[in-house]
Amino acid sequence: MAADIHKKKGWEVPNGSLVPADGQPTERSESPTPGLAQGMEPGAGQEGAMFVHTRSYEDLTSPEDGDVVSRSSEEGRGDQADQTSIEQISKDFSELSTQLTGMALDLEEEMRPSQEDKMDLSLQTARRDSARSEKEDEDVTMETWRMHQKHVFVLSEAGKPVYSRYGSEEALSSTMGVMMALVSFLEAEKNAIRSIHADGYKVVFVRRSPLVLVAMARTRQSEQEIAHELLYIYYQILSLLTWTQLNHIFQQKQNYDLRRLLAGSERITDNLLDLMARDPSFLMGAARCLPMAAGLRDTVSTCLQQAKAKSLVFSILLSRNQLVSLVRRKDQFLHPIDLHLLFNLISSSSSFREGEAWTPICLPKFNSSGFFHAHISYLEQDMDLCLLLVSTDREDFFTVSDCKRRFQERLRKRGVSHALQEALRTPFYSVSQVGIPDLRHFIYKSKSSGLFTSPEIEAPYVSEEEKQRLLELYQYLHSRAHNSSRPLKNIYFTGPSENLLAWVTSAFELYVCYSPLGTKAAAVSAVNKLMKWIRREEDQLFILTPQTY
Amino acid sequence: MFKKNMAPRRTQHVGAGPSTEQSYIYKVVLLGSTAVGKSSIAFRYVKNDFRESVPTMGCSFFTQLVCLETATIKLEIWDTAGQEKYHSVCHLYYREANAALLVYDIARKGTFARAKLWLRELEKEFLPDELVIVLVGNKTDLAAEREVTFEEAEEFAKSKSLIYMETSAKSNHQVTEVFMAIAHALLKQEQQKEPALRPQPWKKSRVDLQEPSNQTKKCCVN
Ligand SMILES: Nc1nc2c(ncn2[C@@H]2O[C@H](COP(=O)(O)OP(=O)(O)O)[C@@H](O)[C@H]2O)c(=O)[nH]1
Ligand SMILES: [Mg+2]
């Protein structure tokens with residue numbers, strides 16, 4: 001590919017300053033350095049971004065107020081603090097790495113980074129209390145807790161069950177009662193996250209009035225990450241109801257049974273939880289692009305751009321949770337969370353495969369008070385290509401439907417249908433293309449574009465459990481890198497089954513998995529090579545020229 | 001009344017039927033409780049297939065051409081979610097309908113009662129001759145669990161002058177027949193009308209470049 005058009009000089013930025021040297025502000029470097037400014041990293045859009053700019057992971061979860069309570073210190077501590085946390089993480093990691101390989105999890109023994117805002121209650125006691133009157137429910141509950149990695153409940157502030165990931169809400173209602181008691185006990189701050197470590201579980205509470213969300217997890221995720229997932233569930237509920245309607249309902253009737261309104265949509269929430277456990281998009285707070293030749297993508301985007309209508313805000317083309325193209329109204333940006341909710345909606349329902357769907361949907365990060373109307377359809381019967389047209393006008397079905405027809409017609413006229421089909425046939429690339437022997441897998445996110453790229457997960461991560469374990473390792477690195485009290489910019493670990501590296505700068509995030517045989521020096525030099533490769537391939541891996549209507 | 005239904009909403013050209021025939025577009029809506037089989041009926045009719053379906057989100061739109069001897073009819077079929085959270089949106093979908101399928105599940109009595117409620121809502125919105133209504137008892141394959149008898153439903157349909165049919169989307173029983181019955185009823189309704197009151201056939205309700213005379217014939221619907 002045309003690597004030579006990118007001049008080398010760009011990254012030679014004095015003193016690691018964030019501002020590029022005068023005279024070459026748009027130079028794209030071949031290999032980014034920590035001093036690389038946002039917008040210059042591989043994958044950064046050349047003509048502005050598609051998404052709301054999310055500088056960091058915390059931005060995603062802190063829309064209005066302090067989502068994360070335990071922010072005990074400012075970012076960037078002194079060397080000494082870094083040093084101790086490195087040691088702790090090192091211990092943590094090797095524990096994690098072995099335990100995730102097959103040994104039993106025991107969270108009780110896990111090192112805990114900070115003790116503030118946590119309570120070591122014995123949930124056992126609490127449960128016994130609750131089960132006094134409802135003996136048979138106990139068994140259901142215990143069993144469920146034992147069986148699953150992560151239990152998720154949603155309840156109203158009045159304690160009415162709204163959603164339960166496993167098992168019926170009725171069977172768990174006694175548990176809900178306990179949770180409510182805990183919530184009111186912890187309720188000092190609204191919209192706060194609280195967590196309890198007990199009985200091998202992390203119990204995380206997120207309160208978003210009028211709802212309370214609770215997760216009981218035996219995963220190794222941090223509270224922040226579990227809370228992040230709970231917020232996704234909250235946003236998912238908003239996307240069906242709008243924040244305004246939700247609040248209105250509970251203002252009218254405090255003990256309203258929300259399940260009536262949400263009937264039929266439980267599977268969307270189920271799907272979201274499953275998706276978050278295996279798709280790194282949610283962890284990265286970014287969208288993954290379907291790799292394809294830049295020219296082809298540009299043509300498709302142009303066709304999409306030309307099939308516009310007055311009421312359209314976003315036109316999105318996607319294939320199995322990977323973004324093919326996104327065209328937006330000039331002054332409107334989509335938030336990655338909203339995009340993820342849309343992806344989840346589409347992947348959770350096979351009914352969109354037939355006919356054309358027209359459904360009200362709220363994009364809570366964009367505007368939580370009203371509905372957009374989404375036109376959802378698949379382009380060809382057997383092709384995994386879904387077109388999503390987001391309109392502001394519920395009366396505009398036929399106009400929007402006609403946009404789809406025009407888009408398809410343009411694709412045909414430009415003769416790209418076949419090439420597009422070919423691209424869909426190879427939705428993933430192999431890590432072997434990078435040409436680094438010890439490299440097994442990586443995730444690279446360009447912060448300014450809100451896009452990330454990642455190769456197919458290959459051997460030895462073949463089974464679902466192994467894939468899951470790899471993602472958990474990334475989750476762990478991610479949580480260490482974004483720990484609100486001790487964020488770390490560089491992490492390198494050696495484990496029995498693999499070595500991992502994380503590198504987080506203001507411009508990008510990189511998580512790399514190597515075979516356990518390599519050295520640290522080799523890993524670091526591989527990163528340079530990898531970054532050069534990503535730069536060289538960026539026009540296939542990313543959407544560099546996003547379009548607007 | 002009927003005229004507004006045939007407003008030229010869009011310029012998409014539908015070219016299947018021979019040009020000598022009359023061609024019409026009709027809007028057909030599927031109404032009824034959740035899980036009675038509305039989406040399955042639509043899927044059976046449009047794709048001639050059945051599979052375990054998932055709850056509908058919002059609304060689904062399908063089109064199907066019906067070629068009768070005297071006319072070609074394009075049915076625009078709206079399958080609604082029927083979920084409470086979409087209730088405010090739902091009436092939009094039946095607002096300008098020409099025909100409605102009121103679907104219930106013969107094995108769930110409550111859905112029959114719900115169908116009656118839907119009917120009352122439709123009666124508020126439409127004049128008696130404005131809308132062709134078919135009462136559809138679905139899931140005849142579950143005869144062993146039947147809770148609504150054929151006679152009971154038939155009698156009710158008669159009293160309200162509805163067409164009544166029983167179907168099974170699963171075993172492909174009478175699904176196409178329901179839509180054929182709708183097509184015929186719509187056409188009959190068409191022919192009974194005074195010529196002046198007739199809606200514009202779609203051929204004439206949009207600009208057709210091959211027929212210059214059309215350009216001067218302004219459509220004054222609505
Ligand atoms: N046995 C039987 N089941 C059916 C039939 N039609 C639909 N179903 C099932 O009933 C459930 C609800 O169907 P669906 O079409 O989604 O209902 P809708 O909510 O009215 O759209 C699904 O599990 C279908 O598989 C039928 O004719 N016979
Ligand atoms: Mg349905």
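User: Start with a detail. Where does Arg320(A) lie?
Analyst: This is a predicted model. In it, Arg320(A) sits in the loop between strand S8 (312-319) and strand S9 (322-328) of chain A. Its phi is near 45°, a positive value in a residue other than glycine.

User: Now peptide bonds. Which bond is cis at Pro210(A)?
Analyst: The one that joins Ser209(A) and Pro210(A), with omega about 5°. Pro210(A) is in the loop between strand S5 (201-208) and strand S6 (211-217) of chain A.

User: And what is omega for Ala459(A) to Pro460(A)?
Analyst: Near 10°, and that bond is cis too. Pro460(A) belongs to the loop between strand S14 (451-453) and helix H15 (464-481) of chain A.

User: On to the chain contact. How many residues does each chain give?
Analyst: Chain A brings 29 residues and chain B brings 25. Between them the two chains bury about 2,400 Å². Carbon and sulfur atoms account for 59% of that area.

User: How many salt bridges cross the interface of chain A and chain B?
Analyst: Two. Arg51(B) meets Glu354(A) at 3.4 Å, N to O. Lys47(B) also forms a salt bridge with Glu354(A), and there the closest N and O atoms are 3.8 Å apart.

User: Why does the Lys47(B) and Glu354(A) pair join two chains?
Analyst: Because of where the partners lie: Lys47(B) is in helix H2 (residues 38-47) of chain B, while Glu354(A) is in the loop between helix H12 (336-347) and S10 of chain A.

User: How many salt bridges over all chains?
Analyst: The count is 20.

User: Back to the interface. How many residue pairs are in polar contact across chain A and chain B?
Analyst: Five, with both residues at pLDDT 80 or more.

User: Which elements of chain A give two or more residues to the side that touches chain B?
Analyst: Helix H6 (223-241), helix H8 (259-262), helix H9 (266-278), strand S10 (356-361) and helix H13 (397-413) of chain A. S10(A) gives the most, with five residues.

User: What does S10(A) pair with in chain B?
Analyst: Strand S2 (residues 59-67) of chain B. The pairing is antiparallel, over three bridges. Within it, Trp358(A) stands opposite Cys59(B) in S2(B).

User: What stands opposite Cys59(B) in S3(B)?
Analyst: Thr80(B). S2(B) and strand S3 (residues 71-80) of chain B run antiparallel, joined by nine bridges.

User: How many strands are in the open sheet, and in what order?
Analyst: Twelve, with mixed pairing. The order is S18(A)-S9(A)-S8(A)-S12(A)-S11(A)-S10(A)-S2(B)-S3(B)-S1(B)-S4(B)-S5(B)-S6(B).

User: Which are the edge strands?
Analyst: Strand S18 (547-548) of chain A and strand S6 (163-166) of chain B. Each pairs on one side only.

User: Switching to domains. What does the assignment give for chain A?
Analyst: Domain 1 covers 1-114 + 428-549, domain 2 covers 150-276 and domain 3 covers 292-427.

User: How many residues are in contact between domain 2 and domain 3 of chain A?
Analyst: 16 residues of domain 2 touch 17 residues of domain 3 in chain A. The area buried between these two domains is about 1,400 Å², and carbon and sulfur atoms give 61% of it.

User: Which residues of domain 2 lose the most area to domain 3 of chain A?
Analyst: Tyr232(A), Tyr235(A) and Ser239(A). Together they make up 37% of what that side buries.

User: How many salt bridges and polar contacts between domain 2 and domain 3 of chain A?
Analyst: Zero salt bridges. Ten residue pairs are in polar contact, both residues at pLDDT 80 or more.

User: Which elements supply the domain 2 side of that contact, with two or more residues each?
Analyst: H6, helix H7 (243-252) and H9 of chain A. H6(A) has the largest share, seven residues. By class, the domain 2 side that touches domain 3 in chain A has nine nonpolar, six polar and one charged residues.

Definitions and conventions: Residues numbered from 1 in each chain as written. Chains lettered and ligands numbered in written order. Predicted model: local features only at pLDDT ≥ 70, side-chain atom pairs only at ≥ 80, totals over all residues. Heavy atoms only, no water. Contact = heavy atoms within 4.5 Å. Buried area = accessible area lost by both parts, 1.4 Å probe. Salt bridge = Lys/Arg side-chain N within 4 Å of Asp/Glu carboxyl O. Polar contact = N/O pair within 3.5 Å; in protein donor to acceptor, adjacent residues only side chain to side chain. Helix = DSSP H or I, 4+ residues; strand = E, 2+ residues; numbered from the N terminus. Pairing = 2+ DSSP bridges. Domains from an automatic or database assignment. Nonpolar A, V, L, I, M, F, W, Y, C, P; charged D, E, K, R; others polar.
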